[in-house]
Amino acid sequence: MAQIDLKFETKFGEALVESGLITPTVLQEALRSSKHSNRSILDVLFRDHSVDEAAMYRLLSKRSGIPYVDLKKEAVDVNAIRMVPVKVAWHYGFMPLRFDETGNLLISVDSPFSLKIQDEIRLQLGHGLLQILSRKQDIVDCFKKYYGFAADTVDKIVSSAGFES
């Protein structure tokens with residue numbers, strides 16, 4: 001999965017404190033845990049601190065300008081799946097959904113990608129990207145549904161290496 005953008009994580013954590021969703025102490029604990037585990041601050045706060053996931057995503061969407069959608073209700077074009085190797089999608093932690101009318105690939109992410117990561121993906125795939133936000137678990141479920149055996153194999157490799165999917 002993609003590396004965590006600590007600058008973004010810190011700014012978003014501060015926004016969570018300002019909004020009253022978490023305390024400064026919880027933020028410091030979550031940032032420390034995020035850095036050491038390579039998990040996003042969203043994942044750490046949701047799993048370890050029981051912070052309201054929907055409220056975090058609404059705030060993230062508002063702050064980033066990236067729409068938050070329920071991935072279970074999104075249409076997935078199998079042609080987009082075929083164009084993105086399972087290894088690339090899993091490594092960066094996104095789910096390809098479809099191409100827009102200008103040829104940009106719409107991808108679902110659980111946290112906005114840095115420009116550097118977006119550029120890496122563009123170079124590998126040869127397409128521009130548009131991001132939407134979705135829950136991490138929904139991305140994993142959709143990934144397994146559409147990539148099938150390949151996703152299960154990647155999941156087993158990642159699990160045996162001690163990483164979390």
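Buried means under 20% relative accessible area, exposed means over 50%, and partly exposed lies in between (1.4 Å probe, protein chains only). This is a predicted model, in which local features need pLDDT of at least 70, side-chain atom pairs count only at pLDDT 80 or more, and totals for chains, interfaces and linings use all residues. Residues are numbered from 1 along each chain as its sequence is written, and side-chain values use heavy atoms, with hydrogens and water left out.

**View 1. Serine 50 follows helix α3.** Serine 50 is exposed, with a relative accessible area of 65%. It is found in the loop between α3 and α4 (53-64). Helices here are DSSP runs of H or I, at least four residues, and strands are runs of E, at least two; both are numbered from the N terminus. Most residues other than glycine have a negative phi.

**View 2. Helix α3 spans residues 41-49.** Ile41, Leu42, Asp43, Val44 and Leu45 are buried in this helix. Leu45 also belongs to the largest nonpolar core, which has 45 residues. Such a core is a set of buried Ala, Val, Leu, Ile, Met, Phe, Trp, Tyr and Cys residues joined through side-chain atoms within 4.5 Å. Leu45, Phe94, Met95, Phe113 and Ile121 touch the most other members. In soluble globular proteins, nonpolar side chains tend to be buried together.

**View 3. Methionine 95 and its contacts.** Contact means heavy atoms within 4.5 Å. Neighbours within four places in sequence are left aside. The partners of methionine 95 then include Val76, Ile81, Leu106, Phe143 and Tyr147.

**View 4. Three strands form an open sheet.** The order is β1-β2-β3, with mixed pairing. The edge strands are β1 (95-99) and β3 (129-133), and each pairs on one side only. From one strand to the next, the twist averages 30°. Axes are lines fitted to C-alpha atoms, for helices over the stretch in contact, and angles run from 0 to 180 degrees between N-to-C directions. Two strands pair if DSSP finds at least two bridges between them. β1 and strand β2 (residues 105-109) run antiparallel and are joined by 4 bridges. Arginine 98 stands opposite leucine 106 in β2.

**View 5. A salt bridge joins arginine 63 and glutamate 18.** The N to O distance is 3.2 Å. The pair links distant parts of the chain: arginine 63 is in helix α4, glutamate 18 is in helix α1 (residues 6-19), and they are 45 residues apart. Both residues are exposed. A salt bridge is a side-chain nitrogen of Lys or Arg within 4 Å of a carboxyl oxygen of Asp or Glu. The structure holds 9 salt bridges.

**View 6. Arginine 135 meets aspartate 138 in a salt bridge.** Their side chains are 2.8 Å apart, N to O. Arginine 135 counts as partly exposed, at 22% relative accessibility. Aspartate 138 counts as buried, at 7%.

**View 7. Glutamine 118 sits in helix α7 (residues 115-125).** Is glutamine 118 buried or exposed? It counts as buried because its relative accessibility is 10%. Not counting residues up to four places away in sequence, glutamine 118 touches Phe113, Leu129 and Gln131. Glutamine 131 lies 13 residues away along the chain, and the two C-alpha atoms are separated by 9.6 Å.
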